[in-house]
Amino acid sequence: MADSPPTPDPADQPAEGRSAASGSQAQAGGELAEGLRAERRPASDPAAEVRPALERVVRGLRNRLQGEARAGLATVARPAAPSAPAPSREREVAGTPAGPEAAPDSAHPRAYARGSEAEGDDAAASPDAMAAQLKAELTSAAENAPAVHVRGPDLFDLRTPDLEEGVTREDALARVAAEVAECTRCAELVASRTRTVPGAGNAYAKLMFIGEAPGQEEDRQGLPFVGRAGELLTKMIASIGMTREDVFIANIVKCRPPGNRQPAPDEAANCATFLARQIAVIRPKVIVALGGVAAQNLLQTHDGITRLRGRFYPYMGASLMPTFHPAYVLRNYTPDTRKKVYDDLLKVRAELDA
Ligand code: SF4
């Protein structure tokens, strides 16, 4: 959905516009004060004195509104850009307040100008008649105001072109996987890979794990985390009451680096769009970054995993928790390492339940 520019808040009007408005109000206020002073003067026939003063006030207001209307109409009459969408009465965001307060300012001058052209400068009209005319014009302006496209919650919507109408999340993820299978962006990885490993799991997962890169066994099977580290990851998931079928598991890069080396920065950058599209389709509530390489690439930082782990970071609409990679835990299988990972996972569980 293409968003039209947000409706400017009146408080954000240029200073010039605010000055002009203040000037109008000041003059109108002066005329009103003059009318009230006239009303307080002793007179033999109060009604006869008040009536001209009120007529002057209404006439002054009316003339000023007409002048502003002509100026506003000149702005409104400029031809729209060719790409501008046609106005629609439909409001894009449910709950947008209806009525004149939500209409653009240009709607009102347009309505006043329309009224003044039809009516002409009828100085002899009674104050009641002029007030009724102004009320009718304001009502007409509100009813005929063009649609206002308001930026709302969709401002941070992570919808993706992969999820256009009628496409399921599974289909969208399959589309990403098909593109990964054809990808040749990283020449060295393409030359050495057996199979691509796009990721696997629940397309509606609230929890997503992101590792570093496929290893030898993953490269052979085309699935993520299926070796010894994968077995430990399965236990980690079970420790917070979930199964692998509940989550989605992916890696920073989808092809195995030769010799199980770390993915190079340009390889991670090449592959970043695939992962971002997967996250946008799944929209998990929590992402666990497994190991320093995953956390550093996702958070774009050089800080180490020991410093990063244990707390949440906002990432693509999710809460991202870095923790140790299962392979590291296997190499450092101490009570302290396991406790730290478990503590991190308990925070993940709490965040999922929040
Ligand atoms: Fe393409 Fe990613 Fe494989 Fe590089 S790692 S060749 S970007 S799929």
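Q: Which residues of H10 are buried?
A: In this predicted model, helix H10 spans residues 292–299. Seven of its eight residues are buried, so H10 is largely enclosed by the rest of the structure. The buried residues are Gly292, Val293, Ala294, Ala295, Gln296, Asn297 and Leu298.

Q: What do the buried residues of H10 pack against?
A: The elements that meet this helix include both helices and strands. The helices are H9 and H11 (305–308). The strands are E2 (207–211), E4 (286–290), E5 and E6 (318–323).

Q: Which residue just after H10 takes a positive phi?
A: The backbone there adopts a phi of about 50°. The residue with this positive value is Gln300.

Q: What is the order of the strands in the open sheet?
A: The sheet has six strands with mixed pairing. Strands E1 (200–201) and E5 (313–315) each have a single partner strand, so one side of each is left without a neighbour in the sheet. Reading across from one of these edges, the order is E1-E3-E2-E4-E6-E5.

Q: Which residue of E3 is the bridge partner of Ala200?
A: Strand E3 covers residues 248–251 and pairs with E1 in the antiparallel sense over two bridges. The bridge partner of Ala200 in E3 is Ile249.

Q: Which residues touch the most other members of the largest nonpolar core?
A: In soluble globular proteins, nonpolar side chains tend to be buried together. The largest nonpolar core here has 51 residues, and H9 gives the most to this core, with seven residues. The members that touch the most others are Met208, Ile210, Ile252 and Ala289.

Q: With which residues is Ile210 in contact, leaving aside its neighbours within four places in sequence?
A: Ile210 belongs to the largest nonpolar core. Beyond its sequence neighbours, its contacts are Ala250, Asn251, Ile252, Ile287, Ala289, Leu290, Ala294 and Leu298.

Q: What arc do the buried residues of H8 cover around the axis?
A: Helix H8 runs over residues 228–238, and Ala229, Gly230, Leu233, Met236 and Ile237 are buried in it. Their directions place them on the same side of H8, whereas Lys235 and Ala238, on the other side, are exposed. What covers the buried residues includes E2, helix H12 (326–331) and helix H13 (335–353).

Q: Is His325 buried or exposed?
A: His325 is found in the loop between E6 and H12. A residue counts as buried if 20 or more other C-beta atoms lie within 10 Å of its own. With 23 C-beta neighbours inside 10 Å, His325 is buried.

Q: What distance separates the C-alpha atoms of His325 and Leu290?
A: The two residues are 35 residues apart along the chain. Not counting residues up to four places away in sequence, His325 touches Gly211, Glu212, Leu290 and Gly291. The C-alpha atoms of His325 and Leu290 are separated by 4.4 Å.

Q: Which helix supplies the largest share of the shell around the ligand?
A: The ligand is surrounded by 14 residues, the closest being Cys183, Cys186, Cys255, Asn270 and Cys271. By class, the shell has nine nonpolar, two polar and three charged residues. Helices H6 (187–192) and H9 (265–282) each supply at least two residues of this shell. The largest share, four residues, comes from H9.

Conventions: Residues are numbered from 1 along each chain as its sequence is written. This is a predicted model: local features need pLDDT of at least 70, side-chain atom pairs count only at pLDDT 80 or more; totals for chains, interfaces and linings use all residues. A residue is near a molecule or strand if its C-beta atom, placed from the backbone, lies within 6 Å of it. Ala, Val, Leu, Ile, Met, Phe, Trp, Tyr, Cys and Pro count as nonpolar, Asp, Glu, Lys and Arg as charged, and the others, Gly among them, as polar. A nonpolar core is a set of buried Ala, Val, Leu, Ile, Met, Phe, Trp, Tyr and Cys residues joined through C-beta atoms within 7 Å. A residue is buried if 20 or more other C-beta atoms lie within 10 Å of its own, exposed if 12 or fewer, and partly exposed in between; C-beta atoms are placed from the backbone. Two residues are in contact if their C-beta atoms, placed from the backbone, lie within 7 Å. Two strands pair if DSSP finds at least two bridges between them. The arc is that of the directions from the helix axis to the C-beta atoms.
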